Amino acid sequence: MNRSAGGPVVIAGSSGLVGRALVAELRRRGATVLRLVRRPAAADDEITWDPAAGSLDAAALEGAGAVVNLAGAGIGDRRWNADRKQLLRDSRTRSAALLAAVVSDLSRPPEAILSASAIGFYGQRGDSVVTESGGPGRGFLAELCQEWEAAAQPEAAVRTVLLRTGLVLSADGLFLRRQLPLFKLGLGGRLGPPDRWVSWISLTDTVAAVCHLLGSDASGPVNVTAPDPVTNADFTRALGRALRRPAVLAVPLLLPGLLLGSEAVAGLTQSARVVPEALLADGFEFEHPDVATALAAALGRPPAGTYHGRGASQRAMILPRVQVSKPNPPSR
């Protein structure tokens, strides 16, 4: 299809942290966005679907330029009992499988499917540098990501990108939101081993990376992480500096373990030194390539250093290749 004259971008999971920011950015860039919602559609830009029941009107996706699937229950906001783990799995695999099946049956399929995954795919990696060629790890998160990615593969010949996303830094995100009150009181500290690697990315760069991938030829797994992963000790120091607060304590894992359970804490605090080899090879430039500028942006504060990301002047000029014009939403 002619990508410059492509149809709207259909987004599942538009109510989440990344989804809300992505919808706003795509519209700012001139794209038409349609949102999949799990309730009766209440606006012209909404399409009702029910992944649990396998229900989605295929006609609503006919002629779409791209589909971005960010759907999935929150991974770190509830205790991982058996029911919660099943929900984490079902909310991801069923939505991904439904979209892949519907897209495969379309007479005018989208140019691309971008489907969320996570760096949890790689499991515990210690100090090893991990690129997209790294194999899967072990444990619940790694198995979940493998099933998630397998479900997202359409039978039709549609370019498919698997977004293996790291820790997204935003004051509205669960990770920082839980830590900020303690840090602001001077009681913040390191969570887990000091030498654990933290692979992070700013919310701004997460959204910009998705927009970049909509207009590129990339396919397969893509690590959506910043090029400079840091140790847990360095991350904690950077957050303390950004808030102008001490960060010398070590938070016992027993405390989050009481809330989430030991299995969840072990999974969420794995060491994975992930680098975005595919994104860099595809020409993407980060606005926040180091953790100091990323935390400053997340907190709305001036950065501790003087580095200014090279991507800032170019982001507004790069439109997603799948959408420039504004066609009418498909009939539902």
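Tutor: Gladly! The structure holds 12 salt bridges. This is a predicted model, where local features need pLDDT of at least 70, side-chain atom pairs count only at pLDDT 80 or more, and totals for chains, interfaces and linings use all residues. Residues are numbered from 1 along each chain as its sequence is written, and side-chain values use heavy atoms, with hydrogens and water left out.

Student: What makes the contact of Arg-35 and Asp-45 a salt bridge?

Tutor: The term asks for a side-chain nitrogen of Lys or Arg within 4 Å of a carboxyl oxygen of Asp or Glu. For Arg-35 and Asp-45 the N to O distance is 3.1 Å, so the pair qualifies under that definition.

Student: Which parts does the pair of Arg-35 and Asp-45 tie together?

Tutor: Arg-35 lies in strand β2 (residues 33–37) and Asp-45 in the loop between β2 and β3 (46–50), so parts 10 residues apart in sequence are tied together. Helices (H or I, at least four residues) and strands (E, at least two) are DSSP runs, numbered from the N terminus.

Student: How do you know whether Asp-77 is buried or partly exposed?

Tutor: Buried means under 20% relative accessible area, exposed over 50%, and partly exposed in between (1.4 Å probe, protein chains only). Asp-77 has 32%, so Asp-77 is partly exposed. Arg-84 has 11%, so Arg-84 is buried. The side chains of Asp-77 and Arg-84 meet in a salt bridge at 3.0 Å, N to O.

Student: What makes β3 and β4 a pair of strands?

Tutor: Two strands pair if DSSP finds at least two bridges between them. β3 and strand β4 (residues 55–56) have 2 bridges, in the antiparallel sense, so they meet the definition. In β4, the bridge partner of Trp-49 is Leu-56. The hairpin of β3 and β4 has 4 residues between the strands, and Gly-54 takes a positive phi near 70 degrees there.

Student: How many bridges join β2 to β3?

Tutor: There are 3 bridges, and β2 and β3 run parallel. In β3, Thr-48 is the bridge partner of Val-37.

Student: How do you know that the buried residues of α4 line one face?

Tutor: In helix α4 (residues 174–184), Leu-176, Gln-179, Leu-180 and Phe-183 are buried. Seen down the axis of α4, its buried residues fall within an arc of 120 degrees (taken from the directions from the helix axis to the C-beta atoms), so they line one face of the helix. Their cover includes β9 (167–169), β10 (189–191), α6 (232–243) and α10 (291–299).

Student: Where does pLDDT stay under 50?

Tutor: Residues 306–332 are one such stretch, with 76 contacts beyond four places in sequence; contact means heavy atoms within 4.5 Å. pLDDT is the predictor's confidence in each residue, from 0 to 100. The protein averages 85, and 82% of the residues score at least 70.
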